[in-house]
Amino acid sequence: MSLDLKALLKNKAINKWRLFRLISIPMSIVIFIATMRADMSTGEGVSTMIGFSVRWAVPFIFLVVAISSVQTLFPGPFPMWLLRNRKYIGMCFAVAMAWQGLFIFIMSYFFREYYFADVYFFRDELEGSIGYIFLPAMVVTSFEFGRKHLSSKQWKLIHKSGIYFLWAYPFSTYWWSLCNGLSCYNNPVPLDYVYYSVGFLAFALRIAAWGKQRQQATKRNAPESRTPLAFKVLGGAVIAFGLFISAYGLYWQERVTAFLTAPKWSANLELWLPFWPYEPFLSLFIIGLGAMLVTKTRT
Ligand code: HEM
């Protein structure tokens, strides 16, 4: 059975550029049809298309973030297929983002008043623009002609930071949209919950994979070492606390934001530093600390 799946997943039709075409062409047709149906003569209509196209993009970046961890945690033919096609899945993300980029261009060029009155916030613009700097840089350096100008360290730096940034943007957008505080939309749709949970899971898997690799490395280097029970219990409690606060941002966000932005320098940073003071990511940071404790060993 597993052999069959392995053979099936090696089929050329669902690998590399063919996989890319299989996903990106129908996706582009759907976005094109939606554009024809939208009222593109108004700022609201174009804004709707910005949201529509990015909703196609988001699952791909979440998947790209999770793929290597899935292979580490649950090695098998399917995660291996995902890993083999990671670049092409990333390219599907880039295609959907190119659509979003086109709609953003249309809005900022033809509906400047709407853009500046209803959409524009300096920090959002900065975050979005950084995303759009990473995106072409990552696409170009995914090909040999772009890659050959970089050392492997530089390539890794661009791709790692780009992937994390492009994950962080939509993840934090959905965190805020789920009534997590002041900028709450007040009417989140079910898809917002799905996207928040999947974005969270994608990063949580990375933490789990990191923990597993850390444990394996310790076992290799110092086979007699063990994690003390106190670390296991404390780490487990910290992880549980992180999971708890990830679901209840509504109850702590305002107080935590007020606390973290109380110093003047911090309040100033909030005006321009992307994501500052990082409320959407606090739960994952806590879970990471818990994973560190759970995997800490003593000889
Ligand atoms: C300067 C660049 C950008 C501008 C001006 C911009 C503008 C917008 C606007 C106007 C919306 C609201 C659409 C609606 O009415 O529903 C939106 C939504 C969104 N944008 Fe951007 N954006 C930018 C870059 C990015 C980047 C790089 C990402 C990263 C993936 C991103 C992710 C999102 C997400 C996740 C939503 C929410 C979509 C939903 O409603 O589900 N944006 N953006």
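Biologist: Which residues does Ile67 touch, not counting residues up to four places away in sequence?

Modeller: This is a predicted model, and everything below should be read that way. Setting aside residues up to four places away in sequence, Ile67 touches Pro79, Leu82, Leu83, Arg86 and Ile89. Ile67 itself sits in helix α3, which covers residues 43-73. Its relative accessibility is 1%, so Ile67 counts as buried. The cut-off for that word is under 20% relative accessible area. Ile67 and Leu205 are 138 residues apart along the chain, yet 9.1 Å separates their C-alpha atoms.

One of the residues touched by Ile67 is Arg86. Helix α5 runs over residues 86-110, and Gln100 lies in that helix. Gln100 matters for the ligand site. Its NE2 atom is the only protein donor of the iron atom of the ligand, at a distance of 2.8 Å. The donor cut-off here is 2.8 Å for a metal such as this, and water is not among the atoms, so the site may look incomplete.

Now to helix α14, residues 282-294. Seven names make up its buried list: Ser283, Leu284, Ile286, Ile287, Gly288, Gly290 and Ala291. The cover over these buried residues includes α9 (152-177), α10 (190-221) and α11 (229-247).

Leave aside the neighbours within four places in sequence. Leu284 is then in contact with Trp167, Phe171, Phe200, Phe203, Ala204 and Ile207. Leu284 can also be placed against Ala66. They are 218 residues apart along the chain, and their C-alpha atoms are separated by 14 Å.

The loop between α9 and α10 holds Val189. Val189 is called partly exposed because its relative accessible area is 43%. Its C-alpha atom is 8.7 Å from that of Leu178, which is eleven residues away along the chain.

Next, backbone geometry. Most residues other than glycine have a negative phi, and most peptide bonds are trans. The loop between α13 (264-272) and α14 contains Pro277. The peptide bond from Trp276 to Pro277 is cis, with omega near 0 degrees. Phe275 lies in the loop between α13 and α14 as well. Phe275 is not a glycine, but its phi is positive, near 70 degrees. Lys16 belongs to helix α2. With a relative accessible area of 46%, Lys16 is partly exposed.

Helix α2 takes in residues 16-37, and Ile29 has its place there. Ile29 counts as partly exposed because its relative accessibility is 46%. Ile29 is also part of a nonpolar surface patch, formed with Ile25, Phe32, Ile33 and Met36. Together the patch residues have about 490 Å² of accessible area.

Charge pairing comes last. Side chains of opposite charge can pair when their charged atoms come close. The structure holds one salt bridge. Its partners are Arg123 and Glu127, with the closest N and O atoms 3.4 Å apart. The two residues are four apart in helix α7 (residues 122-140), so about one helical turn separates them. Both Arg123 and Glu127 are buried.

Back to the starting point. Ile67 is buried in α3 at 1% relative accessibility, and its listed contacts run from Pro79 to Ile89.

Key. Residues are numbered from 1 along each chain as its sequence is written. This is a predicted model: local features need pLDDT of at least 70, side-chain atom pairs count only at pLDDT 80 or more; totals for chains, interfaces and linings use all residues. Side-chain values use heavy atoms; hydrogens and water are left out. Patches are made of residues with over 30% relative accessible area and no salt bridge: like charges are joined within 9 Å, nonpolar side chains (Val, Leu, Ile, Met, Phe, Trp, Tyr) within 5 Å. Accessible areas come from the Shrake-Rupley method with a 1.4 Å probe; for residues, only the protein chains shown count as cover. A salt bridge is a side-chain nitrogen of Lys or Arg within 4 Å of a carboxyl oxygen of Asp or Glu. Buried means under 20% relative accessible area, exposed over 50%, partly exposed in between (1.4 Å probe, protein chains only). Donors are N, O and S atoms within 2.8 Å of the metal (3.2 Å for Na, K and Ca); water is not among the atoms, so sites may look incomplete. Contact means heavy atoms within 4.5 Å.
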